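Have a look at the fold, then read on.

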Amino acid sequence: MRSTKHLNLVVLHDLDAARGAIEEALAGADPADAPGLRRALSVLEASAHSDDDLKIRWARQYLAEAGVPAGDTSTHAIRELRRAVPKLGLAEAVELVTLAAKH
């Protein structure tokens, strides 16, 4: 994010266990299975996103579910995000709504 403030949202990545399982399976795989496992590993890697991307995606999805139109940066959108995450600061909510509107 462009701000010097840190958004108080924790992003959980649950890909490490899956990546490890695929890598372990690939290490002992039959030659016929190896291409499929390599492909699964590349799909997993391609689906990994940065924390900021996940925060923006969450904000867009939450706002859409709350009935806030895409691209809306109004106080209503900011209020909806702060309702979802009560400890989210005003400046952080504004920044997140603005970034969600741009992406």
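## Where H4 meets H5

In this predicted model, Ala77, Ile78, Leu81 and Arg82 of H4 touch Leu90, Ala93, Val94, Leu96 and Val97 of H5. Contact here means heavy atoms within 4.5 Å. Sorted by class, this contact has eight nonpolar residues, no polar ones and one charged; Ala, Val, Leu, Ile, Met, Phe, Trp, Tyr, Cys and Pro count as nonpolar, Asp, Glu, Lys and Arg as charged, and the others, Gly among them, as polar.

H4 covers residues 75–84 and H5 residues 90–102, and they pack at about 115 degrees with axes 9 Å apart. Those axes are lines fitted to C-alpha atoms over the stretch in contact, and angles run from 0 to 180 degrees between N-to-C directions.

## The whole chain

Zooming out, the protein chain has five helices and zero strands. Helices (H or I, at least four residues) and strands (E, at least two) are DSSP runs, numbered from the N terminus. Of the contacts with a separation of 6 or more, 57% join residues 24 or more positions apart.

Buried residues (under 20% relative accessible area, 1.4 Å probe, protein chains only) make up 27% of the 103 residues.

Mean pLDDT (the predictor's confidence in each residue, from 0 to 100) is 85 for the chain, with 87% of residues at 70 or more.

Local features need pLDDT of at least 70, and side-chain atom pairs count only at 80 or more, while totals for chains, interfaces and linings use all residues. Numbering starts from 1 along each chain as its sequence is written, and side-chain values use heavy atoms, with hydrogens and water left out.

Note on methods. Buried < 20%, exposed > 50% of the residue type's maximum accessible area, 1.4 Å probe, protein only.
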